[in-house]
Amino acid sequence: MDHYDMIVIGSGPAGRRAAIQAAKLGKDVLVVERGGRVGGVSVHTGTIPSKTLRETALNLSGWRERGFYGRSYRVKQDITADDLRRRLHLTLGHEVEVLEHQFARNQVSTVRGEARFTDPHSIVVTGDEGELLTFTADSFLIAVGTIPFRPNYIPFDGGVSVFDSDEILDLPDLPRSIAVIGAGVIGVEYATIFSALDVHVTLIEPRNSMLDFIDHELMEDFTYQLRDRGMAMRFGKKVESVARTDKGCEVTLEGGRKVRSEMLLFAAGRMGATAKLGLDACGLEVDHRGRLKVDPETLQTSVAHVYAAGDVIGFPSLASTSMEQGRIAACHALGVAAHEPPEFFPYGIYAVPEISTVGMTEEEVVERGIPYESGIARFRETSRGHIMGLDKGMLKMLFSLKTRRLLGCHIVGEGATELIHIGQAVLNLKGTLDYFVENTFNYPTLAEAYKIAALDAWNRMGAGVPVAQVTDG
Ligand SMILES: Cc1cc2nc3c(=O)[nH]c(=O)nc-3n(C[C@H](O)[C@H](O)[C@H](O)COP(=O)(O)OP(=O)(O)OC[C@H]3O[C@@H](n4cnc5c(N)ncnc54)[C@H](O)[C@@H]3O)c2cc1C
């Protein structure tokens, strides 16, 4: 039986970052991974594949050049599923290679197989051939992530015409039409990627709206863009049934309306991958979605030496935040002080167009009764936007009237997920409107939109309180 300082179950962003951190602190670490190769959902079925697919779709479709050459412009006329997959395999191969090298360089041990607790300090790992290996450790990190939620009423057919969000990466052909059930982040990303490939998309969502946590003014702009390019949205009606037909699938909505399409993607939720972990053996319980509860500061579960991080603990379920959680958990477990997570983290939604946001939305600012002013810039107002042929995209900032501090920054359009980090830095460093007004930005850039939006707000707020007097939010 082998003993380690720390055993990490799962090699996604949380597990990977925790293992490397523990190894850098000179500890013996073992990572257990049941998948074919290390990397987790993030590398194999989630973040990286969907972003690679998006990039490939935008490149082959000539999406970014259509502002100049018209909607019918395409770099490649007949885009096939194989075209989309080719780049995927290359990118994922590189990602795994880097990760394996990182583990080897830092002397992190890895074992392939499914881990299960047998008591609070021991696990059994079942390998591919059914062989059993037992390991013990002083502390554990559960970083097992999630699996797609697959309700019984959806007739999944093993990747023929009804897919979950893991299977969609292996789609056999590019369909002419697709229905996407679930207008959360994953559903919206895939729906808009297919729409950029000129597939007819119907997005179905039982609630009346999508992505409610995003600033509503931004969502109006986003929704307009989707409708403008012909995406159908069927919101506010529950799905009554889904049937396979000889032409694909038929979704019946509450009230009898039918949506027919060649393919269907079910992207309404994911479940913590905890069912086979034997959590009873270490005295842990999960919620109805298979998720674990932790102390948000230390990432400890109710069993002090067992930590959990990443998607298995729920919100915000991002690769970016999972990495930070993994690192904080490892530091705490090994008695090293770790910084607290910053107050505001950015959210990136890699739809077409991209959305990115940090801090408070206008709705939150109003709800909290904070006197504020907003400033907006359209990308078409920037010279860089002209050069790139952008006629859409906007950046919005919210500032406190009392202190002039930046309260929130929201972007929809090309480069949003990169641009947001300027807003994030100013926000977390408690900066004010004056930062944007007084500083020079490279020209021509899309980042110039910060200056334009700030001047928009400044024109209504005026010079106001001198910067030196600004003390609180
Ligand atoms: C389609 C999609 C798109 C996404 N896009 C983004 C994005 O753009 N940006 C972003 O920040 N986030 C994105 N995410 C979310 C991101 O992928 C997750 O937040 C992240 O992968 C969670 O990391 P994790 O460490 O919790 O574990 P995961 O990446 O989920 O990995 C968990 C690993 O644990 C292994 N495992 C499970 N049970 C066991 C066991 N019993 N024994 C051994 N191994 C086990 C699994 O095989 C898996 O490899 C996306 C997710 C999806 C599904």
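Modeller: Rings of Phe, Tyr and Trp (its six-membered ring) pair if their centres lie within 6.5 Å; planes under 30 degrees apart count as stacked, over 60 as edge-to-face and the rest as tilted. Ring pairs of this kind join Phe-213, Phe-315, Phe-345 and Tyr-347 into a cluster. This is a predicted model, in which local features need pLDDT of at least 70, side-chain atom pairs count only at pLDDT 80 or more, and totals for chains, interfaces and linings use all residues. Residues are numbered from 1 along each chain as its sequence is written, and side-chain values use heavy atoms, with hydrogens and water left out.

Colleague: How many aromatic pairs does the structure hold?

Modeller: The structure holds 12. In one of them, the ring centres of Tyr-69 and Tyr-73 are 5.0 Å apart and the planes meet at 45°, so the pair is tilted.

Colleague: Is Tyr-69 buried or exposed?

Modeller: Tyr-69 is exposed, at 53% relative accessibility, and Tyr-73 is partly exposed at 27%. Buried means under 20% relative accessible area, exposed over 50%, partly exposed in between (1.4 Å probe, protein chains only).

Colleague: And what about Phe-149 and Phe-266?

Modeller: Those two form a tilted pair, 6.5 Å centre to centre with 55° between the planes. Phe-149 is partly exposed at 26%, while Phe-266 is buried at 3%.

Colleague: Turning to the whole chain, what share of the residues counts as buried?

Modeller: Of the 473 residues, 54% are buried.
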